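I set out to record what I looked up in this structure, one topic to an entry. The sequence and coordinates come ahead of the notes.

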Amino acid sequence: MATTSPFLLNHQITNKILALPKQDERIQAEYIWIGGSGEDLRSKTRTLEKKPAHISEYPEWNYDGSSTNQAPGHNSEVIIQPRAVFRDPFRGGDNVLVICDTFDNRGVKLPTNTRYDANVIMEKAKAQVPWFGIEQEYTIFGFDGHPFGWPKGGFPAPQGPYYCGIGADRAFGRDLVESHYKACLYAGVLISGVNAEVMPGQWEFQVGPCEGISIGDHLWVARYIMHRCAELFGVVVSFHPKPIQGDWNGAGCHTNFSTLAMRESGGIKHILSAVEKLGKRHKEHIAVYGKHNELRLTGKHETAPISEFRYGVADRGASIRIPTTADRDGKGYFEDRRPASNIDPYVVCAKIVDTVCLWDGVSEAEQH
């Protein structure tokens, strides 16, 4: 079995200190931003004299970008500007988690500040009321890098009994899953469910429905909370799309999408039109749908080959799945099954909105 971290401290002592009564109006604000890899999260805490009433009242701050691969040492200051706020499930009380944009000291957005451009696109499509729901898959590993729940020096039984499985021999890591779920609810994250996945030690949580740019805020905060919960249990969470090679499922970030027109009567025609547009830009989407996605999109394990695009009703081997309910009711949403588990939700959701809502559907080849 995987081992937990040998460096765990005493949580009972920590909890005793955190439970001390509040003495004044001061709060702790945890500022969170995307690090230099575009996948890692960083954060640090500051004290505020009282809890601000609105996100615009939270002060900007800065950090050493040379230590996050986001700035050179001779000009290392990166400015962080608050954009969204959530309750802090680890400190409780009026303490908060704050999602931030990042800029250099000239006010130019960093390359990893993908929220900025995504918000521009979302604002352009605001009248179409775009909704998202994202299914975030992840894999739990021990501190030694061994899949959590897997036998040492071997493999568990083949896939089959683990998806939505029950029991100590099938569901590995439920304490982490339940802790994360409850913490997200407390924080105000629009988490809508969880389930064990096909590969043992792999799980999924769902976020949404969220409108526009908020889907990225909620998913990044949910990931932050997941990593923090994993700290408490001394395990590591991976968002790699193919964490274990061989006959094991990969990990995705299936992205469900709809506009107001799709959700209203007769919306199926808008769904089909959107899917046709996505097919014309398949390569563009794949390019931003996550690193190492070619290891996952093989045509096996409930995926379509990365080089192909197809859609179907209730087809989990397709690029796009149209739910049975949408086909039956003539309205609803579609599921883009191509995004990998390590996507940047700001980038992916903005790309979907740009293609479906803002593009006329005429490719360059058709124009000529």
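I take a polar contact to be a pair of N or O atoms within 3.5 Å; within protein, one must be able to donate a hydrogen and the other to accept it, and residues adjacent in sequence count only if both atoms are side-chain atoms. With that rule I looked up Asp-101, whose side chain makes a polar contact with the side chain of Arg-83 (2.9 Å).

**Basis of the entries.** I note that this is a predicted model, in which local features need pLDDT of at least 70 and side-chain atom pairs count only at pLDDT 80 or more, while totals for chains, interfaces and linings use all residues. Residues are numbered from 1 along each chain as its sequence is written, and side-chain values use heavy atoms, with hydrogens and water left out.

I located Asp-101 in strand β5; helices (H or I, at least four residues) and strands (E, at least two) are DSSP runs, numbered from the N terminus. Asp-101 has a relative accessible area of 2% and is therefore buried; buried means under 20% relative accessible area, exposed over 50%, and partly exposed in between (1.4 Å probe, protein chains only).

I then asked in what order the five strands of the open sheet run. The order is β2-β1-β5-β4-β3, and the pairing is mixed. Strands β2 (41-48) and β3 (61-64) stand at the edges with a single partner strand each, so one side of each has no neighbour in the sheet. On average, neighbouring strands of this sheet are turned by 40° against each other, direction ignored; axes are lines fitted to C-alpha atoms, for helices over the stretch in contact, and angles run from 0 to 180 degrees between N-to-C directions.

Two strands pair if DSSP finds at least two bridges between them. I found β1 (residues 27-34) and β5 (residues 96-104) paired in the parallel sense over four bridges. The bridge partner of Ala-29 in β5 is Val-96.

**Strand β10.** I checked the burial of β10 (residues 253-258): six of its six residues are buried, so the strand is largely enclosed by the rest of the structure. In a regular strand the side chains alternate between the two faces of the sheet. Both faces of β10 are covered, with Cys-253, Thr-255 and Phe-257 buried on one side and His-254, Asn-256 and Ser-258 buried on the other.

Strand β6 (residues 131-141) pairs with β10 in the antiparallel sense over six bridges, and Glu-135 stands opposite His-254. Strand β13 (residues 334-336) also pairs with β10 in the antiparallel sense, over three bridges; there Phe-334 is the bridge partner of Phe-257.

**Aromatic pairs.** How many aromatic pairs does a search of the whole structure find? I recorded eleven. Rings of Phe, Tyr and Trp (its six-membered ring) pair if their centres lie within 6.5 Å; planes under 30 degrees apart count as stacked, over 60 as edge-to-face and the rest as tilted.

Tyr-162 and Phe-172 both lie in the loop between β6 and α3 (174-187), so the pair ties together parts that are ten residues apart in sequence. Tyr-162 counts as buried at 3% relative accessibility, as does Phe-172 at 10%.

Ring pairs also link Phe-132, Phe-257 and Phe-334 into a cluster.

**Charges over rings.** I count a charge as sitting over a ring if NZ of Lys or CZ of Arg is within 6 Å of the ring centre and within 35 degrees of the ring normal. The charged end of Arg-263 sits over the ring of Trp-131, 3.6 Å from its centre. That of Arg-46 sits over the ring of Trp-61, 4.9 Å from its centre.

**Residue Pro-6.** I placed Pro-6 in the segment before α1 (11-18) and noted it as exposed, at 61% relative accessibility.
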